[in-house]
Amino acid sequence: MSDILERLRRMREGDAPTHGGRVLSYVYDSGLDEIDDLADAAARLARPLNGLDPTVFPSIAAMERDVIGFTRRMLHGGRSVVGTVTSGGTESCLLAVKTARDLWRSSHPEHASRRPRLVAPATAHAAFIKAAQLFDLDFDPVPCSPDGVVSASDVIERLGEDVALVVVSAPSYPTGALDPIAEVAAAASARGISCHVDSCFGGFVLPWWPDLPSWDFRVRGVTSISADLHKFGYAPKGVSVLLQRGRRRHRAQFFATTGWAGYPVVNPTLLGSRSASPLAAAWAITQHLGSDGYARLTGSIHRVASAVAAAVEGIPGLRVIGDPTGPAIALGADPSVPEEKRVDPHRLADALVAHGWKIQPQPGLVQSDGVRISHSAHLTLTPVLEQRVGEFIGALAASADEVRGQGQADPRMLLAALRALGYGEGGRVPGPAAAWRLLRLAGAGSVSADQPMSMLMALIEQLPRPVAEALLTELLARMSEP
Ligand SMILES: Cc1ncc(COP(=O)(O)O)c(C=O)c1O
């Protein structure tokens, strides 16, 4: 058996490091070893349980009560706020949308045959595009400024009778912008529209961030909030909380049926059988850290954010995009300097790899009004980074020096070739075999942890969306094909 584990260990050697802060996305290292040990032990204790039925395993309900209670206090929800522990941010967002859609349908019987709309700034997480697809709503993205900032009036203007849900983020993932929550929620409330605050990313940080306007359940029109324990709750993957204002709303989230031949099925979430291990780990961590522990960790993040922002100001040609709040910042080229002095964020991301750091390239997004949200590099700032922020800033400055003036990668040749093959705007969408050929043609037949991404990102930005999506689907699907 030990050889099996040895093989797994060897496979894991190819992974990006999950601890130490060198990967500034996907992983959330508190820097406190004891938290990981505690989470492991708690997860192991809960491993054999099935979260499907807390009447058989009441420890699950007890842990859920504690976790929901902790999150509710943190987000200033009163007794009328109830909720559910889910498997992650996407599931929390999906359930918020499903709930709002069902409530909209029951309160608008006259529109029974109509698809409701989901209004959200274009910077809202892609989970809401997915939710709209799955639950049959029209996704209506509100254009933002090039820096990813949305104006309250642009959102409010779109709130009509057919809107089942408006989503705002606290903060948004792409640029860390805190959306105008109070204004949007008030307008939604006046029109009887559900308003979800997506704080999947920042939910366990913003409650301790200094000097913020109200953005949580203190804002009256906010009807639900999502907050991920497997991000800045520092729990292992597989756990988030969705809080709903009012039992009626919460119950609309459930699926219950006695209409089959087996046991009565009652599911508050999308899954049936589910692991209780992530819940147990999150429960243990929240018990251990308490509000004071999260406050201390948020203090570290705040200091890291200030240090990185100050350092970027001193790096010619690079800038922090917009005015971020919380643990995300996005870096972009500074358009106020001549092109030969600009630092392209994707080139920067590629150069940083050789220095031992990974930041996350984000393609530009051309919105429905023609305004392009700048391409950028996202940085998730975790507490552990405080231990080596000086080293990170040094690598950032050195990498910027290496790529300054290079400009965004130019995929024109590849685009022309794809167009000639019929995959241009309004053209064909490649099936699996063609997509694979095209990927190999683009030199992207495999993606490893430290492969340069500038060209692929530029290509993704400029390809027709259905073609880009088909290529990316193929890339991921091929990775797991036996
Ligand atoms: C704001 C926001 N919402 C939702 C999600 C989706 O969360 P998950 O990846 O846990 O499904 C994320 C993930 O980064 C996020 O940042």
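This is a predicted model: local features need pLDDT of at least 70, side-chain atom pairs count only at pLDDT 80 or more; totals for chains, interfaces and linings use all residues.
Visitor: Which helices each supply at least two residues of the lining of the largest cavity?
Guide: The largest cavity has a volume of about 30 Å³. Its lining consists of Leu439, Leu456, Leu459, Ile460, Leu463, Ala468, Leu471 and Leu472. Two or more of the lining residues come from each of helix 14 (454-462) and helix 15 (465-479).

Visitor: How many nonpolar, polar and charged residues are in the lining of the largest cavity?
Guide: The names in the lining are Leu, Ile and Ala, among them Leu439, Ile460 and Ala468. Leu, Ile and Ala count as nonpolar. The lining therefore divides by class into 8 nonpolar, no polar and no charged residues.

Visitor: What area do domain 1 and domain 2 bury between them?
Guide: The chain is divided into domain 1 (33-286), domain 2 (290-403) and domain 3 (412-479). The centres of domain 1 and domain 2, taken over C-alpha atoms, are 28 Å apart. At their interface, 30 residues of domain 1 are in contact with 33 residues of domain 2. Carbon and sulfur atoms account for 65% of the buried area, which is about 2500 Å².

Visitor: Which residues in domain 1 lose the most area to domain 2?
Guide: Domain 1 and domain 2 bury about 2500 Å² between them. On the domain 1 side, three residues together make up 24% of what that side buries. They are Tyr173, Trp208 and Trp209.

Visitor: Where do arginine 9 and glutamate 6 both lie?
Guide: The structure holds 20 salt bridges. In one of them the side chains of arginine 9 and glutamate 6 meet, with 3.2 Å from N to O. The two residues are 3 residues apart, about one turn of the helix, and both belong to helix 1 (residues 2-12).

Visitor: Which helix gives the most to the lining of the second largest pocket?
Guide: The second largest pocket holds about 710 Å³ of space. Its lining has 27 residues, and Glu64, Ile68, Gly83, His250 and Phe254 lie nearest the centre. Two or more residues come from each of helix 3 (58-74), strand 1 (81-86), helix 8 (247-251) and strand 9 (265-267). With 7 residues, the greatest contributor is helix 3.

Visitor: How many residues of the lining of the second largest pocket are charged?
Guide: The lining comprises 27 residues, including Glu64. By class, 13 are nonpolar and 6 are polar. The charged residues number 8.

Visitor: What is the value of phi of histidine 76?
Guide: Histidine 76 sits in the loop between helix 3 and strand 1. Its phi is positive in a residue other than glycine, with a value near 55 degrees.

Visitor: What is omega of the cis peptide bond that joins alanine 170 and proline 171?
Guide: Proline 171 belongs to the loop between strand 4 (163-169) and helix 7 (181-190). For the cis bond from alanine 170 to proline 171, omega is about -10 degrees.

Methods. Residues are numbered from 1 along each chain as its sequence is written. Side-chain values use heavy atoms; hydrogens and water are left out. On a 1 Å grid over the protein atoms alone, a cavity is a set of points where a 1.4 Å probe fits but cannot get out, and a pocket is an open set with protein on both sides within 12 Å along at least five of seven lines; lining residues have an atom within 4 Å of a point. Grid points are joined across faces, edges and corners, and a volume is the space filled by probe spheres set on the points. Helices (H or I, at least four residues) and strands (E, at least two) are DSSP runs, numbered from the N terminus. Domain bounds come from an automatic or database domain assignment. Contact means heavy atoms within 4.5 Å. Buried area is the accessible area (1.4 Å probe) that two parts lose on being put together, summed over both. A salt bridge is a side-chain nitrogen of Lys or Arg within 4 Å of a carboxyl oxygen of Asp or Glu.
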